[in-house]
Each structure stands twice: as C-alpha cells, then as structure tokens.
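Here are some notes to read alongside the model. Please keep the structure open while going through the points.

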Amino acid sequence: MNSLEGKVVIITGASSGIGAAFARLLAEQGCKLTLAARSIDKLEALATELDAEALVAPADMTEAADIADMVERTLERFGWIDVMCANAGVYVPGEFTDGDIDELTRMLRINVDAVLRCAHAVIPQMKAAGEGDIVVTSSISGFIDVHWEPIYSASKHAVQTFVHTVRRQLAGSGIRVMSLAPGQVANPLWGFHESAEIRRVSAGERSHLTSEDCAEALVYMLSQPRRVTIRDLVILPQNQVNI
C-alpha cells in the first residue's frame, strides 16, 4: 500500500458529510488539503479541527470561475495537485413531471458539469507531473435505474460513463480516474443529522453506510500501487434492500 503522506488533495463538497469525512481521514494520513464548498464558516471550522495543512477555498460548483480559482489557489499554495476528489453533489428525488425543472437542471450542473470542470482543470498539471488521481463520488444509482430519483440517477450514470471513457483516454499518462459509488449513506444529504440516529441505521439496522465508511474506501483506492486502478468501488450497507 502506498503512503499518502504529503499528497496534495482537493476535496469539493468538503463542508459536511462524505467530503468532511474524506478531509478528516486524509488529514490523518498526512495529506495537504484544499477544502472547497459554499459555506466558508463550516470550511474554516473543519480546517481548524484538522491536524493538517489546509487551504479553505469557498466555491460554488455551479460557477466555472470558482472552480478555476479553487485549482489556481491550490497550485499557488502547494505547487502541485496529486488528487482531485470531485465529491460535491446534491440530491433531488421525486416524479420528474412534478419536479421543479430549474432545481433538476441545477442538480445536473453540480453532479455532472462540475465534475467535468474539476477534472478538466487538473489534468494538464497531472499530465506534466506524470501522475495523479481523479476520484469522483458517484452512487449505486449510477449502476441501476432508480425510478424514484430519475434525474439524480441520470446524473450518476453520466458520471460513470465519464469515468470509464476518460480513464481510457488518459491511459499511459500516469493519471488514474476512479469512481466511489456508495449506496444509502446516513449523512446530512439524506436527512440524517443526529449521531444517535446515524448509529441506529448504520450499526443497528445496517441499512445505511456512514460517511466514514466512504472515507475508508477512498483511502483504500488511493493507497493502491500506481499499477492498480480501482475503476469502480461500489459499497453498500449490508441490509439495503430497496435496490
């Protein structure tokens, strides 16, 4: 297993949930972090908590200029980028015909367009360095058609196609392109805020993963020898039965 000590990692959607769990565990691994999200207060609180060098980069993933600035500031601060964790995402379930079309298309901008922009922004520097990792937080919804979340599922199918095809385009460059696809996760994105409730559905009912489970999976992916690409890592709670 390769050490992650000293790796420079950008995490989008870092202010809560899976992104914050990524930050905490990668800090323990000795990584240098850029923490990106819209909430500067939450980012600054997280950066203060971590025992790691961390750059707070407020960014709205629907704004191309914010994504470009996030990458530029990381290069100015650390000099290079080893890992892009394109983790930011939103969730809108429900009947398509009843949905707010502006809200649904905004979800596509965050879940798909921002992933493309994040990857596109770091690939030139990674190519020049001869190595790098791009990890996209996907979903089990990218592998099956989930009828109660049609546009969310469509966004994750798009992400999966992107990972599979761009990985092949970048073969020989030293860049790994990977997806981490969890099932149900007990975190704020899915309406879980209280630790007791999270323990009940994860440790008790085993119907949900925790954000920390996802972070452990990420570290496993990044720690593999450079010859190994975990193209897709699908993790499910033991007792998830609705898919």
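1. Helices and strands here are DSSP runs, numbered from the N terminus; a helix has at least four residues and a strand at least two. In this predicted model, the protein chain has 7 helices and 7 strands. Their order along the sequence is β-α-β-α-β-α-β-α-β-α-β-α-α-β.

2. On overall size, the C-alpha trace spans about 45 × 35 × 35 Å along its principal axes.

3. Of the 243 residues, 50% count as buried. The protein chain exposes about 11200 Å², and carbon and sulfur atoms supply 50% of that area. Among contacts with a separation of 6 or more, 66% are between residues 24 or more positions apart.

4. Helix H7 covers residues 211–222 and reaches 17 Å from its first C-alpha to its last, close to the 16 Å expected for its 12 residues. Its buried residues include Ser211, Cys214, Leu218 and Leu222. What covers the buried residues of H7 includes helix H1 and strands S4, S5, S6 and S7.

5. How many aromatic pairs are there? The count is 1. The ring centres of Tyr91 and Tyr152 are 4.9 Å apart; their planes meet at 85°, so the pair is edge-to-face, since planes over 60 degrees apart count as such. The pair links distant parts of the chain, with Tyr91 in the loop between S4 and helix H4 and Tyr152 in helix H5, 61 residues apart.

6. Is Tyr152 buried or exposed? Its relative accessible area is 5%, so Tyr152 is buried; the cut-off is under 20%.

Terms used. Residues are numbered from 1 along each chain as its sequence is written. This is a predicted model: local features need pLDDT of at least 70, side-chain atom pairs count only at pLDDT 80 or more; totals for chains, interfaces and linings use all residues. Side-chain values use heavy atoms; hydrogens and water are left out. The expected span of a helix is 1.5 Å times one less than its number of residues. Buried means under 20% relative accessible area, exposed over 50%, partly exposed in between (1.4 Å probe, protein chains only). Contact means heavy atoms within 4.5 Å. Rings of Phe, Tyr and Trp (its six-membered ring) pair if their centres lie within 6.5 Å; planes under 30 degrees apart count as stacked, over 60 as edge-to-face and the rest as tilted. Accessible areas come from the Shrake-Rupley method with a 1.4 Å probe; for residues, only the protein chains shown count as cover.
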